Amino acid sequence: MSVIYLDGQFLPKEEAKVSVFDHGLLYGDGVFEGIRAYNGRVFKLEEHVRRLYDSARTIMLEIPMTQAEYCEAVLETCRRNEIRDGYIRAVVTRGVGDLGLDPRKCPKASIFIIAAGISLYPERCYTEGLKVITCATRRNNPTALDPAIKSLNYLNNILAKIEVNRAGAEEGLMLNDQGYVAEATGDNIFVVRDGHVYTPPVAAGILRGITRDTVMDLAHEGEIALTEEFFTLQFVYSADELFLTGSAAEVVPVVSVDDRPIGDGKPGAITAKLMGLFRNYVAHTGTPIG
Ligand code: PXG
């Protein structure tokens, strides 16, 4: 049976409940992380916890434990659920307040951690590649709500995902408010052209994905040229290859955008190489669950 970490306790999932007065629910006032475990290890645990604390600091949300203690709580949640391969959701909300926006009315943040099995993307997504569309919904302007904050306020992404579903596609590209390609609804974007890899910079208004950082490191080690650059849809349509990265998706090829085939309409060689490097890397690194 699944056991949830909630504010210092481990509770059966039926008993792990938060209040209807929690500002995480009332206002989306909180932050979260989605983390993977592979082969008995938590992948990039410290990086995820660091990003969680960075998001929290930005919204002036104090997490009442150290990052080291937080990492240990994640590992213990995995142990108690006997997770060796899985998906971990770590959430910190503003906590219980009154029916007003003011976060000062919420004396204590609420912390919960769920460690569960994962429904992996079907294998055909990796062998055949995804069909994606461009969403009309633009990514949040960083001056309003910076996409670099992994906040509980995911409506921007959800509105885009609804477009994806309505189009019968598998993912959606999101542009920033200037029209440059930003990211997908829950993944970062990479384009390959003439053997060179391009990805939008964080300044395009994106989440700095931990999978993105990992793929950039792997490209560097594998002597694959990679540049962070602003680009428009025209560059995407004329790419040789395209792929997305994320904790859930890992490295997944894209073979068509807005009904235009990418390259020869099949997953490309550089994408395949990076998929292989990534799969090998995740199997051999991470914090042991013990
Ligand atoms: N951009 C956005 C908007 C994300 O939400 C990524 C990029 C990739 O980041 P990481 O660090 O995971 O490489 C994300 C994170 C899901 C799910 O269930 C996916 C994410 C977050 C939460 C849930 O598919 N992707």
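Which of the 21 residues around the ligand come nearest? In this predicted model, where local features need pLDDT of at least 70, side-chain atom pairs count only at pLDDT 80 or more, and totals for chains, interfaces and linings use all residues, those residues are Y154, E183, I210, T211 and S247, a residue being near if one of its heavy atoms lies within 4 Å. Residues are numbered from 1 along each chain as its sequence is written, and side-chain values use heavy atoms, with hydrogens and water left out.

Polar contacts (pairs of N or O atoms within 3.5 Å) involve T211, whose polar side-chain atom lies 2.6 Å from an oxygen atom of the ligand, and I210, with a polar backbone atom 2.7 Å from an oxygen atom of the ligand. A polar backbone atom of G186 is 2.9 Å from a nitrogen atom of the ligand. Of the 550 Å² of accessible area that the ligand has on its own, the protein covers 85% (Shrake-Rupley method, 1.4 Å probe).

Because domain 1 (3-116) and domain 2 (123-283) both give residues to the shell around the ligand, the ligand lies between them, the bounds coming from an automatic or database domain assignment.

Note on methods. A polar contact is a pair of N or O atoms within 3.5 Å; within protein, one must be able to donate a hydrogen and the other to accept it, and residues adjacent in sequence count only if both atoms are side-chain atoms.
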